[in-house]
Amino acid sequence: MRWFKNVTLVLLAFVVGIILLPFQAKAAAPKQILIGTLYASSGPFATSSTSQYHGLEFWANQVNKQGGVYVAAFKKKIPVKLIAYDDQSSTTLAATLYNQLITRDKVNLLVADFGSVLTSVAVPIAQEHKILLFDPTGTSAKFFSPKNPYLVLTSLPTSGVWPTVLADFLITHKINKVAVIYSANDFNQSQAETLKAKLEAAKIKPVYYHAVPTDTSNYTVLIRTIQATHPEALIEFGYPPNDIAFLQNLQASGAKFNMVFTIFPGQQLALIEKNVGTKALEYTYTYPTPPLLVYNKVNYGMPMSEFEKIYTQETKRPVDFLTVAGYNAGLIIEKTLSTSKEFNQLAFRNAINSFSGKIFTLNGLFKINNEGAQIGEFLPVGQFQPTKTGLALHVVYPMNIATGKPIYPAP
């Protein structure tokens with residue numbers, strides 16, 4: 001009888017445990033969704049970084065005005081809290097702060113700082129701690145692997161594919177003598193390598209192809225050296241400080257080229273124009289990005305025109321691409337939380353996979369591959385052409401979306 005009683009008690013405990021298991025496994029909803037991120041208030045990435053952070057911050061403020069973000073796992077809205085630290089454009093400090101966000105602050109999600117340099121330390125840390133990293137603008141292809149499900153590029157394609165349309169433009173227009181100068185980092189080098197490979201596949205060998213340190217601030221001698229090769233196009237790949245120094249030195253040198261291309265006038269026009277002047281940008285080419293590209297037919301979040309109006313009214317700040325990129329990262333986080341039926345990192349990634357290719361935001365089509373890299377967006381070629389009142393940016397390639405014709409060679 002004693003044996004029977006003991007067995008009965010064990011079976012009863014087992015049955016009760018099975019009944020209670022679903023209730024025990026379901027975690028309580030957090031009071032806030034903690035999102036950890038970094039920004040740089042100083043150093044070479046400060047302007048771009050703070051602009052991206054302000055876009056993310058604006059998104060958080062907007063959802064909190066509506067009671068928070070809807071979290072499907074808990075079937076209710078929960079307020080968002082950004083926990084942000086200043087990494088001062090230092091990868092060493094950034095690594096420490098990313099770890100602090102995870103281990104001390106216990107954030108639910110991570111958002112990377114601007115660009116590939118500051119994102120480079122976040123990727124392995126997020127993977128090690130198995131926490132999903134939303135990456136707005138860190139576009140190095142080296143970050144992405146099917147073995148790492150904890151990374152999603154939200155607002156740009158990987159930098160290695162950026163010059164694809166640029167290469168097609170050069171080939172189509174039979175611009176055969178091309179000079180390329182690029183900053184020696186993953187972001188810029190990957191673009192230079194892609195451009196070179198595509199040109200050489202078309203039997204076009206660059207007449208000049210040279211890397212410079214990322215902190216290069218004087219291009220005068222380099223411009224003279226390039227001028228001696230008599231290129232039909234001069235392509236400079238750099239970060240904003242590089243573009244500014246290059247365009248300033250180019251104007252001061254008096255050197256003339258049929259075509260000049262730089263990256264960041266298409267992302268941060270106000271910053272570049274303020275530092276180099278309107279005249280230095282006349283007839284130059286770039287990758288146009290929102291808000292210079294206006295996407296108003298969206299199915300998620302604000303259309304571009306509405307975003308630009310509300311953002312400038314509420315923050316008293318201008319909108320550039322990095323603002324859009326930060327806000328867009330917030331939209332992808334919002335869609336992730338509202339889609340995922342479970343509140344865990346891999347469930348979040350699975351949710352992203354489920355809506356990939358289905359949402360169109362003010363930044364374009366959001367679509368990722370199995371590595372988490374953005375493949376829905378592409379970067380056309382645009383040219384700044386002078387008007388009576390300043391500059392107009394025209395998309396000049398590909399032809400199916402062109403808003404104007406290229407002026408080549410430049411006057």
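**Salt bridges, cores and backbone geometry of the predicted model**

Arg104 is exposed, at 54% relative accessibility, where exposed denotes over 50% relative accessible area, buried under 20%, and partly exposed the range in between (1.4 Å probe, protein chains only). The structure is a predicted model, in which local features need pLDDT of at least 70 and side-chain atom pairs count only at pLDDT 80 or more, whereas totals for chains, interfaces and linings use all residues. Residues are numbered from 1 along each chain as its sequence is written, and side-chain values rest on heavy atoms, with hydrogens and water left out.

Arg104 takes part in a salt bridge with Asp105, at 3.7 Å from N to O; a salt bridge is taken as a side-chain nitrogen of Lys or Arg within 4 Å of a carboxyl oxygen of Asp or Glu. Asp105 counts as buried, at 17% relative accessibility. The search of the whole structure finds four salt bridges. One of them joins Glu314 to Lys65, with 2.9 Å between the closest N and O atoms. This pair connects distant parts of the chain, 249 residues apart, with Glu314 in helix α12 (residues 304-315) and Lys65 in helix α2 (residues 46-65). Helices (H or I, at least four residues) and strands (E, at least two) are DSSP runs, numbered from the N terminus. Glu314 is partly exposed, with a relative accessible area of 42%, and Lys65 is exposed at 52%. A salt bridge is also formed by the side chains of Lys279 and Glu282, at 3.4 Å from N to O. Here Lys279 is exposed, at 59% relative accessibility, while Glu282 is partly exposed, at 22%.

The largest nonpolar core comprises 57 residues, and those with the most contacts inside it are Leu166, Leu170, Ile235, Phe237 and Met259. At least three residues of this core come from each of domain 1 (33-158 + 295-366) and domain 2 (163-286 + 380-401), the bounds being those of an automatic or database domain assignment. A nonpolar core is defined as a set of buried Ala, Val, Leu, Ile, Met, Phe, Trp, Tyr and Cys residues joined through side-chain atoms within 4.5 Å. Contact between residues means heavy atoms within 4.5 Å. With neighbours within four places in sequence left aside, Ile235 is in contact with Leu166, Val178, Ala179, Val180, Ile181, Leu195, Met259 and Phe261.

Lys31 lies between α1 (2-25) and β1 (33-39) and is exposed, at 78% relative accessibility. Its contacts, other than neighbours within four places in sequence, are Ile78 and Pro79. Lys31 and Ile78 are 47 residues apart in sequence, with their C-alpha atoms 6.7 Å apart in space.

Helix α5 (residues 122-129) has buried residues at Ala122, Val123, Ile125 and Ala126. These residues are on the same side of α5, because they cover an arc of only 170° around the axis; the arc is that of the directions from the helix axis to the C-beta atoms. An α-helix has 3.6 residues a turn, so residues three or four places apart point the same way. The elements against which the buried residues of α5 pack are α3 (91-103), β5 (109-111), α4 (115-119), β6 (133-135) and β7 (151-153).

Most residues other than glycine have a negative phi, and most peptide bonds are trans.

Strands β15 (residues 381-386) and β16 (residues 391-397) run antiparallel and are joined by six bridges, pairing being assigned if DSSP finds at least two bridges between two strands. Phe384 has Leu393 in β16 as its bridge partner. The hairpin has four residues between the strands, and Gly390 in this hairpin takes a positive phi near 155°. The segment after β16 contains Pro398, which is joined to Tyr397 by a cis peptide bond with omega of about 5°. Pro409 is also found in the segment after β16, and the bond between Tyr408 and Pro409 is cis, with omega of about -5°.
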